[in-house]
Amino acid sequence: MVPLSNPIWYILENYIYALPPPPPRIRTKPLEVICVGLPRSGTESLQHALLTLGYDHTYHGWDIIYEEPNYAQEWVKLCRKKWFGPPSGRTTFTPLDFDPLIGHSTALTDAVASVFAAELIQAYPSAKVILNHRPDEDAWHNSISTTIARGESLWHLWLMSWTSGPCFWSWHVYLRFMWPGLFRCLDGNVERGVKGNGRWVAREHYAMVRGLVPKERLLEWSVEDGWGRLCEFLEKEVPKEEFPHVNAAKGWVGHERRLARRYILGALRNVGVGVGVVVGLWYLCKKYWG
């Protein structure tokens, strides 16, 4: 992959695939909960649980792709700030960085919360932090290896990313920035990064969170714990309904299909326009210079 520091990406991001900037969000409610566990550690179940407890909106990684207006290109800018900031390495994040993207959210889970865990913990010192995890490390590693790690094998989405602006940004933010940065593989090989680095990255991530957050502000939790400890930590009543369990492996495949359907029409339309332009130019050249 062309290094992300290469000027070609500047041209692609700022000219070729640039989209109108979305309106900045304005925070009207405080960010109360940050769930910093890595993807595939019950993040979507936890999102549904927090929504049930009244944390509306709870922002999940899928929001980056599905929400309209879309803020994926703004997340790329924050990723660049995090990993390609000043040479001093003294990059500071504040709510001024995050609120324009997540100002409508009172809780966070999944991609954003894990990728920017240290920055969010620092930017929102009053928010409670949940370190969600899978007790079985092998089960977690197998899950992430068969979902996130296989992203680069989705050639149909990769091809569409070059012919559809929205698909470009979805691929760009996840397959070139968030997952490579999180799993220490900014060379772009997400599969190798997840499978080779996943276990030690997870241990390092959990250790970092424990070192950053005071014990009274931190809950280590897994889906198997259900409502009890979660509600106690958040000072909420336990709901009468069962704890939600969502996003099994087949759910991931469903998202892949949904994304393909989401982008294919736009990609075909753009290809058609491109072919039309080429044919038109060919006709003009033949007419006036042939």
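**View 1. Cysteines without a disulfide.** The structure, a predicted model, holds zero disulfides, a disulfide being a pair of cysteine sulfur atoms within 2.5 Å. Cys167 is buried, at a relative accessible area of 2%, and Cys185 is buried too, at 5%. Here buried means under 20% relative accessible area, exposed over 50%, and partly exposed in between, with a 1.4 Å probe and protein chains only. Residues are numbered from 1 along each chain as its sequence is written. In this predicted model, local features need pLDDT of at least 70 and side-chain atom pairs count only at pLDDT 80 or more, while totals for chains, interfaces and linings use all residues; side-chain values use heavy atoms, with hydrogens and water left out.

**View 2. The protein chain as a whole.** Stepping back for a moment, you will find 13 helices and five strands in the protein chain. Helices (H or I, at least four residues) and strands (E, at least two) are DSSP runs, numbered from the N terminus. Of the 290 residues in the chain, 50% are buried. Among contacts (heavy atoms within 4.5 Å) between residues at least 6 apart in sequence, 76% join residues at least 24 apart.

View 3. Look for Pro30 in the loop between α1 (7-16) and β1 (33-35). Pro30 is exposed, with a relative accessible area of 53%. Leaving aside residues up to four places away in sequence, Pro30 touches Ser105 and Thr106. Pro30 and Ser105 are 75 residues apart in sequence, yet their C-alpha atoms are 8.2 Å apart in space.

**View 4. The buried residues of helix α5.** Helix α5 spans residues 95-102, and its buried residues are Asp97, Phe98, Asp99, Leu101 and Ile102.

**View 5. Helix α2 packing on helix α12.** Helices α2 (residues 43-52) and α12 (residues 227-234) pack at an angle of about 50°, with their axes 12 Å apart. Axes are lines fitted to C-alpha atoms, for helices over the stretch in contact, and angles run from 0 to 180 degrees between N-to-C directions. The two helices, α2 and α12, are therefore oblique to each other; angles under 35 degrees count as roughly parallel, over 145 as roughly antiparallel, 65 to 115 as roughly perpendicular and the rest as oblique. On the α2 side, Leu46, Ala49, Leu50 and Thr52 meet Trp227, Leu230 and Leu234 of α12.
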